[in-house]
Amino acid sequence: MAINFLSDNLLKDNVKLNFGDSNDLQIYHDGSNSYINDTGVGNLLIRGANNVEIEDSDGINMARFKKDNSVDLYYDGNLKFETTSTGIDVTGEVKGDSLDVGGGFGSTGATISSAGNVSANGTLTIGSTGTF
């Protein structure tokens, strides 16, 4: 049976749109939060012919998934994390519990600090005056 909606439809709070023989997919609003609830087997797939974008209610970017391109994550509308063809590009400070760099590391004009030990397998060069 097909249902044709010719105008807007109002579903009250906690009224669910159910999809699937076992109500595997539900879309609803509980008065405070909105839900897309997938409880079936398999994955919940969100597909777009081009880009898939997540914005806040004011239209400010939160995440953009660009077809055949980057994945961009935003903080308060500002791009902070972007995948590139060679890795990632991060704007701002990066904090972590550890860092393991394979293939070398270089920095020009930056301050690198450590509250603990620094170790190197191979040559460690500090400034232009010393190799350790």
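**View 1. The salt bridge between Arg 64 and Glu 53.** In this predicted model, Arg 64 forms a salt bridge with Glu 53, and their closest N and O atoms are 3.1 Å apart. A salt bridge is a side-chain nitrogen of Lys or Arg within 4 Å of a carboxyl oxygen of Asp or Glu. The pair links distant parts of the chain, with Arg 64 in strand S5 and Glu 53 in strand S4, eleven residues apart. Strands (E, at least two residues) are DSSP runs, numbered from the N terminus. Glu 53 counts as partly exposed, at 37% relative accessibility. Buried means under 20% relative accessible area, exposed over 50%, and partly exposed in between (1.4 Å probe, protein chains only).

Residues are numbered from 1 along each chain as its sequence is written, and side-chain values use heavy atoms, with hydrogens and water left out. Because the model is predicted, local features need pLDDT of at least 70 and side-chain atom pairs count only at pLDDT 80 or more, while totals for chains, interfaces and linings use all residues.

**View 2. Asp 72 with its partners Lys 66 and Ser 70.** The structure holds two salt bridges; one of them joins Asp 72 to Lys 66, with the closest N and O atoms 2.9 Å apart. Asp 72 is buried, with a relative accessible area of 1%, whereas Lys 66 is partly exposed at 24%. A polar contact of 2.8 Å also joins the side chains of Asp 72 and Ser 70. A polar contact is a pair of N or O atoms within 3.5 Å; within protein, one must be able to donate a hydrogen and the other to accept it, and residues adjacent in sequence count only if both atoms are side-chain atoms. Ser 70 lies in the loop between S5 and strand S6 (71–75) and is buried, at 2% relative accessibility.

**View 3. The side chains of Gln 26 and Asn 18.** A polar contact of 3.2 Å joins these two side chains. Gln 26 belongs to strand S2 (residues 25–29) and is buried, with a relative accessible area of 13%.

**View 4. A nonpolar surface patch.** Leu 11, Val 15, Leu 17, Phe 19, Ile 27, Ile 36, Leu 44 and Ile 46 make a nonpolar surface patch of about 730 Å². Patches are made of residues with over 30% relative accessible area and no salt bridge; like charges are joined within 9 Å, and nonpolar side chains (Val, Leu, Ile, Met, Phe, Trp, Tyr) within 5 Å. Accessible areas come from the Shrake-Rupley method with a 1.4 Å probe. Val 15 is found in the segment before strand S1 (17–19) and is partly exposed, at 36% relative accessibility.

Methods: Helix = DSSP H or I, 4+ residues; strand = E, 2+ residues; numbered from the N terminus.
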